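Subject: Structure handover

Hello,

Here is the structure I said I would pass on. My notes on it follow below; please read them with the model open.

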Amino acid sequence: MPQVAAVYSSTKFGFREPADMALAAGNVWITNQAGNSVTGFGWRSAGHPVVLTGPSYGFAAPGPITTGHDHLWIGNTLANSITEVSATDRSVTRKIADVPTPDSLVLFGKQLWVANAGANSVSAFSVRTGALIRTRHGRGLDHPDALAVSNRRLWVANAAADTVTELDAATGATDATLRARSFGFSRPVSEIASHTRLWVGNEVTGTITEVNTVTGKLVRTLSGGRYRLGGAMGMVLADRKLWVTNTFGNSITEIDAATGKLISVLAGPTYGFDHPVSMTAYRGRIWVANSDASTVTELVTAAVSAVR
């Protein structure tokens, strides 16, 4: 059973409705939607956190974040923009304007893909220059809420259409549309992927759909009271397990990623979960953003605890 290493407070870390999180340059980075800021702290030791804020960053209700090449890309949902920041010296690399309601970001090679929830589209930008490469409209895109890459495909969760659109991650060409009647999607709002699998969190039914990204076929649907799934806003893969935030139930569900079998449900005051919305993981540690409490819970897996 994972152990609680710490619950980090807003007083020291500057959290204000933490929304999304990612790792870069040895730090955990967390967007603060109500604070118009981004907090960073070392993954080994959370001492000396930094808070990126001020007009130079252009943060406006920052939500989604993704990382790569020691850089951060942050979507500003109120400013319809993306801010790129160096994770090493914290300087602003560039700001990308005219991005309608960026709800999700993912990197593929030299492209940054963005889900434009406000325009029912997805766009690809150059990682090197920030220039727009292409925008894809239509093709079943309807309030795209989440993105993931697997098997060189971009998988787009369309919250309003109860579908997932499969695109070629290099070109943006449409390959297929996965529909609710075959896959059980019900307001899909989150995704996580491995090389050959995609997991989709369905907000309305409190279920998770697992898809084989090589064949495009349904693997299984995770559902039932024992999982205690509810509002799967955030998911992460770590230690061969799928971890799911149950935003409505203030808990985390731990699932065997290979079999779909339930391992445990983490709940109770010890964990400090309060509307958990996102997670990131690294080397036996999992960090959970608690939106309502403006805190972050750090968990240590059982394997790492045994070594300690």
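By class, five nonpolar, five charged and one polar residue make up the lining of the second largest pocket. This is a predicted model, and the pocket in question has a volume of about 150 Å³. The residues that line the second largest pocket are Ser194, Arg197, Trp199, Leu237, Asp239, Arg240, Lys241, Asp256, Ala257, Ala258 and Ile263.

The largest pocket holds about 1,300 Å³ of space. Its lining counts 44 residues, and those closest to the centre are Asp20, Ile65, Ser104, Glu191 and Met233. By class, the lining of the largest pocket divides into 24 nonpolar, 13 polar and seven charged residues. Which strands supply at least two residues each of that lining? They are strand 2 (18-24), strand 6 (62-68), strand 10 (102-108), strand 14 (144-150), strand 18 (188-193), strand 22 (232-238) and strand 26. Strand 2 gives the largest share, with six residues.

Strand 14 also contains Ser150. Ser150 has a relative accessible area of 2%, and because the cut-off for buried is under 20%, Ser150 is classed as buried. Beyond its neighbours within four places in sequence, Ser150 is in contact with Trp155, Ala193, Ser194, His195, Thr196, Arg197 and Thr213. Two of these contacts, Ser194 and Arg197, are also among the residues that line the second largest pocket.

Four strands form it in the order 1-28-27-26, with antiparallel pairing. Strand 1 (3-8) and strand 26 (276-282) are at the edges; each has a single partner strand, so one side of each has no neighbour in the sheet. On average, and with direction ignored, neighbouring strands of this sheet are turned by 20° against each other. Within the sheet, strand 27 (residues 285-290) and strand 28 (residues 295-300) are joined by six bridges in the antiparallel sense. One of the residues to look at here is Ala289, whose bridge partner in strand 28 is Val296.

Strand 26 has a loop on either side with a residue whose backbone deserves a look. Most residues other than glycine have a negative phi. His275, in the loop between strand 25 (262-267) and strand 26, has a positive phi near 55°. Arg283, in the loop between strand 26 and strand 27, is not a glycine either and has a positive phi of about 45°. Are these two residues buried or exposed? His275 is partly exposed at a relative accessible area of 25%, whereas Arg283 is exposed at 53%. The cut-off for exposed is over 50%, so Arg283 falls in that class.

Strand 8 (residues 81-86) and strand 9 run antiparallel and are joined by four bridges. Ile82 has Ile96 as its bridge partner in strand 9. Five residues lie between the two strands of the hairpin, and Arg90 takes a positive phi near 65° there.

Ser91 is also in the loop between strand 8 and strand 9. With a relative accessible area of 32%, Ser91 is partly exposed. If residues within four places in sequence are left aside, Ser91 is in contact with Glu84, Val85 and Ser86. How far apart in space are Ser91 and Arg228? They are 42 Å apart, C-alpha to C-alpha, and 137 residues apart in sequence.

Ile96 lies in strand 9 (residues 92-96). At 8% relative accessibility, Ile96 counts as buried. Apart from residues up to four places away in sequence, Ile96 touches Asn80, Ser81, Ile82, Phe125 and Gly130.

Regards

Note on methods. Residues are numbered from 1 along each chain as its sequence is written. This is a predicted model: local features need pLDDT of at least 70, side-chain atom pairs count only at pLDDT 80 or more; totals for chains, interfaces and linings use all residues. Side-chain values use heavy atoms; hydrogens and water are left out. Two strands pair if DSSP finds at least two bridges between them. Axes are lines fitted to C-alpha atoms, for helices over the stretch in contact, and angles run from 0 to 180 degrees between N-to-C directions. On a 1 Å grid over the protein atoms alone, a cavity is a set of points where a 1.4 Å probe fits but cannot get out, and a pocket is an open set with protein on both sides within 12 Å along at least five of seven lines; lining residues have an atom within 4 Å of a point. Grid points are joined across faces, edges and corners, and a volume is the space filled by probe spheres set on the points. Ala, Val, Leu, Ile, Met, Phe, Trp, Tyr, Cys and Pro count as nonpolar, Asp, Glu, Lys and Arg as charged, and the others, Gly among them, as polar. Buried means under 20% relative accessible area, exposed over 50%, partly exposed in between (1.4 Å probe, protein chains only). Contact means heavy atoms within 4.5 Å.
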